[in-house]
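Student: I would like to learn how to read a protein model. Please take me through one, feature by feature.

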Amino acid sequence: MFDRLRKALAARKPAGASIATPSRKRPPNLFEAAATYVSASVEDDEDGLAEAATWVSPEALTFGINELACRAVVALARERDESPESVARALLGLPAAG
């Protein structure tokens with residue numbers, strides 16, 4: 001039943017309106033949107049930024065970006081054997097906490 005509804009809704013969309021690639025069976029989740037958005041930002045890819053921003057709500061995208069930042073800082077801190085605070089401050093170019 002849901003498959004028929006999904007196909008009917010897809011048929012009503014104008015050509016090129018789909019945000020997912022043709023090989024995708026589901027829309028991107030908030031973590032995929034965050035990863036794409038951040039990667040596009042690093043690469044100055046305006047089209048990628050705009051596309052990823054349409055995949056989820058602005059609030060969900062903000063949450064996903066925050067979660068990505070937290071996980072990246074924790075991973076770098078473990079890799080460098082430093083505290084997450086010192087890694088975060090270094091990444092932002094801030095002086096070490098005193």
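Tutor: Start at D81, which sits in the loop between α4 (58–80) and α5 (84–91). Helices are DSSP runs of H or I with at least four residues, strands are runs of E with at least two, and both are numbered from the N terminus. The model is predicted, so local features need pLDDT of at least 70 and side-chain atom pairs count only at pLDDT 80 or more, while totals for chains, interfaces and linings use all residues. Residues are numbered from 1 along each chain as its sequence is written, and side-chain values use heavy atoms, with hydrogens and water left out.

Student: What is the phi of D81?

Tutor: Most residues other than glycine have a negative phi. D81 is not a glycine, yet its phi is positive, about 55°. D44 is another residue other than glycine with a positive phi, near 55°, and its place is the loop between α2 and α3.

Student: Is D81 buried or exposed?

Tutor: Buried means under 20% relative accessible area, exposed means over 50%, and partly exposed is in between (1.4 Å probe, protein chains only). D81 counts as exposed because its relative accessibility is 73%. D44 is exposed too, since its relative accessible area is 65%. Across the protein, 16% of the 98 residues count as buried.

Student: How many helices and strands does the protein have?

Tutor: There are 5 helices and 0 strands. Along the sequence the pattern reads α-α-α-α-α.

Student: Which residues does A40 contact, leaving aside neighbours within four places in sequence?

Tutor: A contact means heavy atoms within 4.5 Å. With those neighbours set aside, A40 touches D45, G48 and L49. A40 belongs to helix α2 (residues 30–42) and counts as buried because its relative accessibility is 4%. A40 and A52 are 12 residues apart in sequence, with their C-alpha atoms 8.7 Å apart in space. For the protein, take the contacts with a separation of 6 or more: 42% of them join residues 24 or more positions apart.

Student: Which residue forms a salt bridge with E67?

Tutor: Side chains of opposite charge can pair when their charged atoms come close. A salt bridge is a side-chain nitrogen of Lys or Arg within 4 Å of a carboxyl oxygen of Asp or Glu. The structure holds 1 salt bridge. E67 pairs with R71, and their closest N and O atoms are 3.0 Å apart. Both residues lie in helix α4, 4 residues apart, about one turn of the helix. E67 is partly exposed because its relative accessible area is 22%, whereas R71, at 53%, is exposed.

Student: Which residues gather in a patch of negative charge on the surface?

Tutor: Patches take residues with over 30% relative accessible area and no salt bridge, joining like charges within 9 Å and nonpolar side chains (Val, Leu, Ile, Met, Phe, Trp, Tyr) within 5 Å. Lys and Arg count as positive and Asp and Glu as negative; His and the chain ends are not counted. A charge is placed at NZ of Lys, CZ of Arg, CG of Asp or CD of Glu. Here the negative patch gathers E43, D44, E46, D47 and E51. D47, one of these residues, is in helix α3 (residues 46–55) and is exposed because its relative accessible area is 64%.

Student: Which residues form a nonpolar patch on the surface?

Tutor: That patch consists of L91, L92 and L94, with about 320 Å² of accessible area together. Accessible areas come from the Shrake-Rupley method with a 1.4 Å probe, and for residues only the protein chains shown count as cover. L91 is in helix α5.
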